[in-house]
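Hello,

Here is the structure I promised to pass on to you. Have a look at it first, and then read on for what turned up.

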Amino acid sequence: FHNESNRSANAITVSASGAAGYVNYHPYPIYASDCITVESLDVERVDQRYLFLALQAMQTDIYSLSRGTALQHVYVKDLESLQIPVPHVGEQKRIVEVLDDNLSRLDQALSEITRAQRNSIVLRVSYLERVLLEKFPRVRLEDLTLECGYGTSEKCVVGGQGVPVAR
C-alpha cells in the first residue's frame, strides 16, 4: 500500500530510472518505489547523513552509472561499486554539522535569488505593459507582418541540407 511507509526516517534514495541516479535524503518515513534505498550497515562506523552527503558529492559519478537507450537506469550492483571516503564516525558527524550549516546558507541564498528572478520577470512584464500596451492603439498582428507561421526547413526532407527545426 502506498499510504504506508516501507522505509524509516533518514532514508537515502537513488532514483533507479527516469532521473536515474538522483540522490535524495528523506528525514521522515517514506514509501520507496522505483528507487534504490541505501542504509548504513553500522551507524557506529558510517553515519547515515554523512553517507548521504558523500553520495551527493559523488552525484556526477552516480549519473554516469546510468545505462539505457529509451529510459536510463541505475543498477544496485553499479552503485555498490562506488568507493566512499570513511573517516572516523566522530569526524563524520563534525563534517555533517559543518556541511549542513553551510549548505543551508547556500540553499537560503538560492531561494532569495530565485525569488528575485521571479520578481524581476514580473517587474519587466509590468514595465513593458505600461510603456507599450496601455498607451497606444492596437492593430492585429496579421495586418503588420509579411509572414507569421510555423518554421520549415529543407532539413525536414530526407537528405535535406537545411537547418534543423525545433518544435
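This is a predicted model: local features need pLDDT of at least 70, side-chain atom pairs count only at pLDDT 80 or more; totals for chains, interfaces and linings use all residues.

A residue is called buried when its relative accessible area is under 20%, exposed when it is over 50%, and partly exposed in between, using a 1.4 Å probe and protein chains only. Residues are numbered from 1 along each chain as its sequence is written, and side-chain values use heavy atoms, with hydrogens and water left out.

**Overall layout**

The protein chain has 4 helices and 3 strands, in the order β-β-β-α-α-α-α from the N terminus. Both kinds of element are DSSP runs numbered from the N terminus, helices being H or I with at least four residues and strands being E with at least two. As for contacts (heavy atoms within 4.5 Å), take the pairs in the protein chain that are at least 6 apart in sequence: 53% of these join residues at least 24 apart. The protein chain exposes about 13,000 Å², and carbon and sulfur atoms supply 56% of that area. Accessible areas come from the Shrake-Rupley method with a 1.4 Å probe, and for residues only the protein chains shown count as cover.

**The strands**

Strand β1 (residues 11-15) runs antiparallel to β3, and 4 bridges join them. Strands are taken as paired if DSSP finds at least two bridges between them. One of the residues to look at here is Thr13, whose bridge partner in β3 is Thr37. Thr37 belongs with Cys35 to the uncovered face of β3, whereas Ile36 and Val38 make up the covered face. In a regular strand the side chains alternate between the two faces of the sheet.

Asn10, in the segment before β1, has a phi near 70 degrees, a positive value in a residue other than glycine. Asp34 is not a glycine either, yet its phi is positive at about 55 degrees; Asp34 sits in the loop between β2 (23-26) and β3. Asn10 is partly exposed, with a relative accessible area of 32%, and Asp34 is partly exposed at 48%.

**Ser40**

Ser40 has 11% relative accessibility and so counts as buried. Its side chain reaches the backbone oxygen of Asp42 at 3.3 Å. That is a polar contact, meaning a pair of N or O atoms within 3.5 Å; within protein, one must be able to donate a hydrogen and the other to accept it, and residues adjacent in sequence count only if both atoms are side-chain atoms. Leaving aside neighbours within four places in sequence, Ser40 is in contact with Val46, Gln48 and Leu51.

**Salt bridges**

With a salt bridge defined as a side-chain nitrogen of Lys or Arg within 4 Å of a carboxyl oxygen of Asp or Glu, the count comes to 7. Among them is the one between Asp100 and Arg49, at 2.7 Å from N to O. Asp100 lies in helix α4 and Arg49 in helix α1, so this pair ties together parts that are 51 residues apart in sequence. Asp100 is partly exposed at 27% relative accessibility, and Arg49 is partly exposed at 23%.

Another salt bridge joins Arg105 and Asp101, with the closest N and O atoms 3.0 Å apart. Both residues lie in helix α4, 4 residues apart, or about one turn of the helix. Arg105 is exposed at 55% relative accessibility, while Asp101 is partly exposed at 35%. The side chains of Arg140 and Glu142 also meet in a salt bridge, at 2.8 Å from N to O, and both of these residues are exposed.

**A nonpolar patch**

Finally, Tyr127, Leu128, Val131, Leu132, Leu133 and Phe136 make a nonpolar surface patch of about 560 Å². Patches are made of residues with over 30% relative accessible area and no salt bridge; like charges are joined within 9 Å, and nonpolar side chains (Val, Leu, Ile, Met, Phe, Trp, Tyr) within 5 Å. Val131, one of the patch residues, is in helix α4 (residues 89-133) and is partly exposed, with a relative accessible area of 32%.

Best wishes
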